[in-house]
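Reader: I am new to this structure and would like a close look at a single part of it. Please take me through that part slowly, and then show me what lies around it.

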Amino acid sequence: MRFARPTTALEATTMLAEETGLTRILSGGTDVMVQLKAGAIEPALIVDIKHIPGLRAITSEAGGFRIGSAISGAELGEHAELRALWPGVVEGCELIGSTQIQGRATMAGNLCNGSPAADAVPGLVAANAVARIVGPRGERDCLVADIPASPGKTTLAKGEFLTSIFLPARPPRSADAYLRFIPRTEMDIAVASAAVSLTLDATNVVIAARVALGAVAPTVRLVPAAADAIIGTKLEDEAVAALMVACSAACSPIDDKRGTIEFRTQVAGVLAKRAVLIAYTRAGGKK
Amino acid sequence: MKTIHVSTFVNGDAVEFICAPDESLLDVLRNRLGLTGVKEGCGTGDCGACSVTLDGRLVCACLVLGAEAEGAAVGTVEGIADGDTLHPLQQSFIDHAALQCGICTPGILVAAKALLEKNPDPTDTEVRYWLAGNLCRCTGYDKIIHAVQDAAQKMRSA
Amino acid sequence: MALDNSPKRVFTVVGTRPPRPDGVDKVTGRALYGADVSAPGMLSAHILRSPHPHAAIVSIDASAAEALPGVKAVVTAADFAPQEDDFLRDVLDNCMARDKVLYDGHAIAAVAATTSAIAKAALKLIKVTYKALPHVTDVDVALRADAPVVQTGRSLETVPEGMSQNVTGHCEFGHGDLEAGFAKADLVVTRSFTTAATHQGYIEPHACLASMTADGKADLWCCTQGQYNVRSLCAALLGMEASQLRVTASEIGGGFGGKTTVFIEPVALALSRKTGRPVKIVMSRDEVFKATGPTVSSSIDVKIGMTKDGRITAGEAQLRYSGGAFPCGTVDMGAQAAFAAYDLAAVRTLGWNVLTNRPKEAAYRAPGAPQAIYAVESVVDELCQKLGLDPLNVRLKNAAHKGTKSSYGPTFDDIGLVATLEAAKAHPHYSAPLGEGQGRGLSAGFWFNFGGNTCVSLNVNTDGTVGITEGNPDIGGSRAAISQMAAEELGIPYDKIRTIIADTSSLGHNDVTDGSRVTFSVGLATIEAARDAITKMCHRAARIWGIDEEAVVWKDGAAQPAGPNAGKFPPMTLADIAAVSFNTGGPIAGHYEFNADGAGVSFGVHLCDVEVDRETGATKVLRYTVFQDAGKAVHPSYVEGQMQGGAVQGIGWALNEEYIYGTDGRLQNAGFLDYRVPVASDLPPIETVILEIPNPGHPYGVRGVGETPIVPPLAAVSNAVSRAIGTRLNSLPMSPPRILKALSKG
Amino acid sequence: MVAVTIWGSLRRFTDGQGQVEVKASNFKELLDNLSQDYPGLKPQIERGVSLALDGRIYREAWFTEIGPNSEVVLMPYMAGG
């Protein structure tokens with residue numbers, strides 16, 4: 001195995017593209033190191049991207065924020081403006097692992113690890129975030145929602161890696177929220193999760209919404225029917241009930257050591273309900 | 001596997017070592033630098049026994065490659081005391097019987113010190129959530145929380 | 001030895017909370033645990049483990065591994081001494097599979113190499129041909145006549161004919177006329193329960209360093225609860241004489257019973273013997289879960305009858321325990337402990353030990369008791385609910401007390417159960433109001449406590465300080481407690497004493513640190529060793545003063561004339577006598593060795609408040625209080641620590657911890673990510689109330705305290721959850737999916 | 001003679017009796033004479049038994065004295081964690 005520490009994106013993508021063996025990007029390392037330890041992967045090349053300029057910065061852009069792909073959860077949480085604009089995205093990232101994991105784990109890494117239970121991803125999908133990808137053929141932008149392919153797999157081509165994730169500007173009276181269910185209070189992988197992003201009008205009616213669920217399908221799932229259930233409402237009980245039904249209907253989970261199909265399906269709806277109420281309040285909504 | 005030469009700072013001292021490219025910082029600290037106060041409980045970031053600071057951030061040394069320490073500052077339990085004067089947290093852990101077997105203690109001390117540097121006056125709940133990544137199987141955490149809070153109080157009034 | 005109660009003992013050091021002697025080492029990272037030592041020329045070894053839950057080993061070809069540069073030796077079961085004795089053969093077969101692999105993770109070969117990476121790479125080069133066999137991991141399935149047989153010919157003579165060969169042991173306890181008892185009841189409740197296997201979950205994985213020289217002498221450094229036991233097991237497995245093997249116990253990073261046997265130690269010795277070099281083995285966490293001892297998994301039926309006014313008329317339990325692929329006697333202890341808290345006219349418990357394709361059970365804190373008492377305390381609670389009775393009053397009404405014929409046979413001496421229940425009743429926790437969706441659970445718990453073989457040396461140094469050598473690893477502050485008892489007895493300050501843990505060549509045999517025995521037994525031996533030294537010091541003073549030995553007494557840390565008739569001499573302190581010891585007969589030392597009995601049983605009562613989220617099934621423990629009789633708390637902080645730590649392990653068992661096997665017979669959660677021990681943010685403060693009802697079997701009244709606290713939480717939490725959600729759960733852990741399912745059936 | 005209470009699953013080796021009388025003044029004699037009088041108990045005795053004497057549990061000590069009026073209960077050999 002080789003370890004490389006390139007200082008430009010071009011250098012990184014070139015070595016990733018040229019390597020014929022298995023490659024892994026190292027940013028926070030909180031997934032890669034575990035896989036290495038378990039012997040689950042034996043990469044020929046590990047590329048530490050943290051020393052590429054810009055990857056460790058959060059910058060304002062067009063009213064939103066561009067987050068370098070090597071920014072850790074802890075750094076994200078310390079950024080007050082970002083937190084104010086996208087509280088749900090930030091809380092999703094901050095729920096990944098322990099304080100120690102927060103010191104390392106990145107939003108981009110959480111996304112590219114390809115887990116359907118990734119805590120950072122439902123919030124990003126609900127936010128309609130865009131990833132910037134660099135590769136042998138240059139730079140491209142891609143919706144975050146289009147990156148996970150299946151558990152452990154992404155749509156990234158050989159040599160490609162994320163340099164940043166862009167969270168757009170928001171209309172007034174917008175907010176988001178993320179909730180997950182875990183058996184303990186910390187340290188677990190989500191058994192089910194839900195993120196909601198919404199915008200209200202001056203009369204507290206939801207005029208736009210996106211709802212995404214985690215850990216209930218092979219990839220994080222955007223549930224338009226759930227959003228439709230609350231758009232045009234003030235989250236009346238029937239609207240929230242319809243959202244729950246739509247969420248549960250969108251689930252196609254598995255039975256495993258972390259939860260049953262029945263449990264995940266039921267709890268995904270509950271979490272969506274609770275998240276939408278939090279987002280509504282954060283957006284200034286009053287019922 | 002070709003080894004890598006790394007220049008770093010450990011507990012304030014300049015240190016050089018060589019390591020394999022896939023060798024964790026935990027293995028380097030324990031096996032190459034003799035800092036066995038850093039414990040391995042799981043090797044997967046789930047127990048916190050190998051907690052160290054890396055450029056001031058609390059991390060699990062098992063989830064960092066040794067090669068990543070190039071130019072960085074690493075802090076371990078061995079660097080917490082000031083010479084033969086224990087850090088208030090160390091003294092507090094002894095005074096409050098906040099350790100039984102003691103295997104989690106180095107990691108918890110490093111983590112608690114990082115907490116108090118960031119938040120000198122945490123609530124019990126904040127201490128509990130900050131330390132959620134540090135498993136202790138002996139104490140039920142109760143005395144650990146008391147020890148951290150008592151040290152925090154002493155540090156605030158110092 | 002009996003309690004010193006005349007005149008009433010006033011303690012000066014016992015009962016205080018001094019800093020532990022090993023504290024500074026442990027807060028500075030200096031203390032050396034199992035994996036922290038190395039030796040020049042040391043090799044690293046790793047163990048190849050079976051991916052099959054049950055398979056015959058057709059062949060093992062290690063030639064490619066042996067040929068890998070850097071590999072120095074490979075060992076298999078063939079490298080160990082054959083064992084005649086069933087117990088030793090099981091230990092050996094568990095360390096290294098012989099003809100069959102019996103569980104996922106069962107060791108099959110080991111490689112020593114110049115680096116850990118080479119040893120790991122070599123494991124992949126060992127070709128093992130397996131013939132897969134049908135497996136069984138569930139205790140109830142294993143009982144069926146058509147179940148796959150894990151081992152044949154292992155059933156004891158106690159097992160009735162016609163049962164599955166997986167049933168290896170059977171026991172029955174009790175007394176009285178059950179039928180008549182149930183006939184007197186106004187309500188009889190019968191329920192079936194299951195509990196999952198849980199792991200001790202010590203944070204330090206097993207680790208050892210073995211070094212054997214060409215002349216057959218060996219040193220072994222390892223983390224263990226008992227270095228002498230490691231010595232006898234390893235010597236037998238390697239075919240060595242005990243004198244040739246010195247075992248040093250490192251500091252130990254938790255054990256809870258799980259480090260009372262050997263796993264890797266004989267393997268490291270065999271590799272060292274074969275290579276002529278020191279060999280180190282450190283288990284990974286995954287190996288710890290797969291191949292070291294969890295608890296038994298259990299399936300239990302309980303039937304209890306009660307009158308309208310809360311009198312238990314009869315109790316019966318059937319316990320089916322599986323300690324994995326090897327026979328074990330844990331169900332005997334469960335069957336004896338099940339009803340121990342009750343004064344019953346009619347009681348019967350039946351136990352069955354069953355083999356499954358799971359790792360060999362190791363002791364875990366009060367082994368066998370938590371499962372049985374969980375089932376009994378759940379049914380008692382249900383009876384209380386159905387009859388509209390206060391659960392604490394019902395326990396008080398039926399509580400075992402001095403003179404009660406216990407459910408396991410003997411008549412109880414002084415026990416603290418009633419006082420403990422009364423303390424719980426009087427505590428503000430019991431009467432605190434509960435909110436919506438909250439429930440309060442109560443459970444009593446019991447453990448036997450043991451004494452055992454113990455040996456202590458006490459050396460008086462010429463500067464007036466004292467060194468104590470004892471043979472039980474300090475797993476939670478015992479050096480402090482031992483030093484305190486010596487200080488108390490000698491009448492010198494605590495900080496004048498240093499207690500160290502001997503290796504096996506420096507002190508006679510000491511039983512494993514188990515059965516809550518150390519503060520009791522080693523403390524007792526220390527007191528006697530101190531008394532031995534005192535006798536000698538009084539003798540020296542008598543010689544110096546020229547008076548009769550009988551005319552000298554030891555008081556306030558000094559030899560003094562017994563009375564005015566003895567003569568008028570200023571007292572000679574321990575330091576005074578020590579300073580002239582070379583002139584008065586040479587070094588002064590005390591020693592004591594014995595097999596301690598009279599440990600005194602232990603009872604505890606736990607109160608638990610929970611809140612259950614009815615939409616997700618998540619349980620939050622809101623308040624928790626532990627009441628326990630410690631006899632005499634030598635170092636109250638560490639007694640509280642035992643109570644808190646045991647309670648939290650029990651809470652984990654009740655809510656989330658479990659071994660999860662797939663249909664393929666493989667363990668699915670061999671790591672701290674999915675084997676969910678409680679984390680700090682899961683818990684409230686654990687309040688403690690120590691009661692001190694002196695144990696008549698100890699001069700200071702000490703009782704063991706370490707194991708009892710894990711017993712009550714299972715039912716305390718379960719009863720709280722059941723009351724909070726209005727429906728009973730009869731299966732542990734009460735993970736959120738199970739609670740949600742119970743609610744939907746509601 | 002002392003009356004020894006045995007546990008239920010051993011009754012099949014004592015002709016169904018829950019309590020048997022043996023001649024013994026200490027633990028060693030008790031074990032020896034039980035094995036002799038009831039050979040079916042021998043395997044269990046060899047595997048290990050404890051003795052509860054007036055409520056106090058002894059695991060190994062041969063020379064533990066047994067008085068004629070002592071309450072004597074045989075228990076399995078036990079170990080803790």
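How much area do chain C and chain B bury between them, and what share of it is on carbon and sulfur atoms?

Author: In this predicted model, chain C and chain B bury about 3500 Å² between them, and 59% of that area is on carbon and sulfur atoms. On the side of chain C, the residues that lose the most area to chain B are C:V27, C:I203 and C:A680, which together make up 20% of what that side buries. Counted by residues, the contact draws 51 from chain C and 37 from chain B. Of the 4 pairs of chains that touch, chains B and C have the most contacts between them.

The polar side of this interface can be described as well. There are 4 salt bridges between chain C and chain B, and one of them joins C:E640 to B:K143, with the closest N and O atoms 2.6 Å apart. Polar contacts link 21 residue pairs across the two chains, counting pairs in which both residues are at pLDDT 80 or more. Two elements of chain C give two or more residues to the side that touches chain B, namely α1 (23–28) and α18 (636–655), and the largest share, 9 residues, comes from α18(C). Sorted by kind, the residues on that side of chain C are 27 nonpolar, 17 polar and 7 charged.

Apart from its neighbours within four places in sequence, B:A49 is in contact with B:V38, B:K39, B:G41, B:I103 and B:G107 of chain B, and with C:I203 of chain C. C:I203 is also among the residues of chain C that lose the most area to chain B. By contrast, B:A81, which is 32 residues from B:A49 along the chain, has its C-alpha atom 18 Å from that of B:A49.

Chain C also meets chain D, with 39 residues of chain C in contact with 28 residues of chain D. The area buried between chain C and chain D is about 2500 Å², of which carbon and sulfur atoms give 52%. Between these chains there are 2 salt bridges, including the one between C:E157 and D:R47, whose closest N and O atoms are 3.0 Å apart. Across this interface, 9 residue pairs are in polar contact, again with both residues at pLDDT 80 or more. The elements of chain C that give two or more residues to the side touching chain D are β7, α10 (330–337) and β17 (452–460), and β7(C) supplies the largest share, 4 residues. That side of chain C divides into 16 nonpolar, 15 polar and 8 charged residues. Chain D makes no contact with chain B, their closest C-alpha atoms lying 14 Å apart, and chain D does not touch chain A either, the nearest C-alpha atoms there being 27 Å apart.

Within chain C, the loop between α5 (139–143) and β7 (167–175) holds C:Q151, which is buried at a relative accessible area of 13%. The side chain of C:Q151 is joined to that of C:R154 by a polar contact of 3.0 Å, and it also reaches the backbone oxygen of C:A325 at 2.7 Å. Leaving out residues up to four places away in sequence, C:Q151 touches C:A325 and several others, among them C:L102, C:F326, C:P327 and C:L355.

Another part of chain C to look at is helix α3 (residues 86–95), which is mostly covered, with 7 of its 10 residues buried. These buried residues are C:L88, C:D90, C:V91, C:L92, C:D93, C:N94 and C:C95, and they pack against β5 (107–113), α7 (227–238) and α8 (265–275) of chain C. The N-terminal end of α3(C) is capped by C:D85, a side-chain oxygen of which lies 3.0 Å from the backbone nitrogen of C:F87.

Finally, there are 0 disulfides over all chains. The sulfur of A:C247 is 7.1 Å from the closest cysteine sulfur, that of A:C251, and therefore too far for a bond; A:C247 is buried, at 0% relative accessibility. B:C62 is likewise in no disulfide, the nearest cysteine sulfur, in B:C50, being 3.7 Å away, and B:C62 is buried with a relative accessible area of 5%.

Key:
Residues numbered from 1 in each chain as written. Chains lettered and ligands numbered in written order. Predicted model: local features only at pLDDT ≥ 70, side-chain atom pairs only at ≥ 80, totals over all residues. Heavy atoms only, no water. Disulfide = S-S within 2.5 Å. Buried < 20%, exposed > 50% of the residue type's maximum accessible area, 1.4 Å probe, protein only. Contact = heavy atoms within 4.5 Å. Buried area = accessible area lost by both parts, 1.4 Å probe. Salt bridge = Lys/Arg side-chain N within 4 Å of Asp/Glu carboxyl O. Polar contact = N/O pair within 3.5 Å; in protein donor to acceptor, adjacent residues only side chain to side chain. Nonpolar A, V, L, I, M, F, W, Y, C, P; charged D, E, K, R; others polar.
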